[in-house]
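Please read the following briefing alongside the sequence and the model.

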Amino acid sequence: MIHSDCFQRARPFIYRNARLLDRRRYEYFFEGGSKEAVIEALRAYQNADGGFGNALEPDIRCPFSQPVPTEMALAIMDQIGLFDEQILEGINRYLRKITLEDGGIPLALRSLNDYPHAPWWTTENDDLPSINPTGTIIGLLYKQNVLPDIVREPYFVKTVQYIWKYMEQERPSGYHDGMHWIVFLQNTPDRERAEGQWAVIDEWLSRPGTIEKNPYAEGYVHKVLDWAPDRDSYARKFVSDEELAEHLQALLVQQQDDGGWPISWPAVSPACELEWRGYVTVERLRTLRSFGLL
């Protein structure tokens with residue numbers, strides 16, 4: 001069944017409440033907007049050092065560059081299929097600066113502590129590498145084909161070594177950890193080495209509780225459509241057709257009276273909540289379309 005009313009209710013929510021970046025994303029995905037318009041809106045969040053801040057990740061209100069907003073910028077460019085050369089040059093310059101001595105990127109930098117932020121972002125130490133967001137950053141830099149020499153940068157080479165060592169010694173732990181394993185393994189050119197790690201991922205995704213199967217579970221949990229937001233998601237094969245249908249129906253029900261979708265975690269401020277809801281609403285529409293409901 002096609003749910004056009006769902007789409008018609010979401011559209012005014014986005015134009016009333018979403019930030020320019022998410023309006024541009026919406027226009028690109030649903031109204032014939034251009035990739036270039038998305039890129040131009042994204043540029044506003046990039047700093048002179050090449051990294052991204054300025055609440056691109058709405059829970060981090062710090063104006064200074066941070067690793068996770070920089071990862072988010074790469075993910076947005078990947079979504080629209082346009083890796084901008086100028087933006088990538090800046091990101092490359094920023095990563096040279098923040099990559100740790102033995103490779104890897106910290107989860108967050110202490111500079112965010114001086115600005116409003118969600119409590120889980122409070123950072124005491126920023127001298128330890130984290131697979132989140134390192135895995136996705138390196139995976140997407142492998143994927144882009146605009147600046148192929150990035151993969152030969154010293155910081156890149158030693159960070160790839162950190163990732164392989166981490167994967168050989170550790171196991172995935174939680175959604176925000178596992179997704180970075182997946183993005184890296186999908187994009188590394190070392191397919192033979194990746195094959196051994198896919199077995200680890202598959203065993204973990206198959207465990208009860210890794211993917212939350214209850215579509216109405218409350219709190220900060222990651223459900224079927226978080227793991228598999230579109231038909232091509234790696235985790236889709238770990239979800240039955242019946243489970244998928246149940247979660248899609250729940251997603252339709254969860255659309256709020258104002259036309260947008262909610263978030264499942266406490267926001268830093270009312271503005272932050274609307275910024276997240278604008279982003280999430282575009283993502284929910286993309287999911288519904290991917291599975292044939294729009």
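Is the crossing of H8 and H9 left-handed or right-handed? The crossing is left-handed, a term used where the near helix is turned anticlockwise from the far one by less than a right angle, with right-handed for clockwise. This is a predicted model, in which local features need pLDDT of at least 70 and side-chain atom pairs count only at pLDDT 80 or more, whereas totals for chains, interfaces and linings use all residues. Residues are numbered from 1 along each chain as its sequence is written, and side-chain values use heavy atoms, with hydrogens and water left out.

**Helix packing**

- The axes of H8 and helix H9 (residues 191-206) come within 10 Å and cross at roughly 150°, where axes are lines fitted to C-alpha atoms, for helices over the stretch in contact, and angles run from 0 to 180 degrees between N-to-C directions.
- That crossing angle makes H8 roughly antiparallel to H9 (angles over 145 degrees count as roughly antiparallel, under 35 as roughly parallel, 65 to 115 as roughly perpendicular and the rest as oblique).
- Among the H8 residues that meet H9 are Trp181, Ile182 and Leu185, and the H9 side includes Trp198, Ile201 and Trp204; contact means heavy atoms within 4.5 Å.
- Helices here are DSSP runs (H or I, at least four residues), numbered from the N terminus.

**Aromatic pairs**

- A search of the whole structure finds 19 aromatic pairs, counted where rings of Phe, Tyr and Trp (its six-membered ring) have centres within 6.5 Å, with planes under 30 degrees apart taken as stacked, over 60 as edge-to-face and the rest as tilted.
- The ring centres of Trp164 and Phe184 are 5.1 Å apart and their planes lie at 75°, so this pair is edge-to-face.
- Because Trp164 lies in helix H7 (residues 154-169) and Phe184 in helix H8 (residues 175-187), the pair ties together parts that are 20 residues apart in sequence.
- Trp164 is buried at a relative accessible area of 3%, and Phe184 is buried at 0% (buried means under 20%, exposed over 50% and partly exposed in between, with a 1.4 Å probe and protein chains only).
- Tyr166 and Trp181 have ring centres 6.1 Å apart and planes at 65°, so they too form an edge-to-face pair.
- Tyr166 lies in H7 and Trp181 in H8, so this pair ties together parts 15 residues apart in sequence, and both Tyr166 and Trp181 are buried.
- Tyr142, Tyr155, Phe156, Trp164 and Phe184 form one aromatic cluster.

**Thr136**

- Thr136 is found in helix H6 (residues 131-143) and is buried, with a relative accessible area of 7%.
- Leaving aside residues up to four places away in sequence, Thr136 touches Glu71, Met179, His180 and Val183.

Notes. Helices (H or I, at least four residues) and strands (E, at least two) are DSSP runs, numbered from the N terminus.
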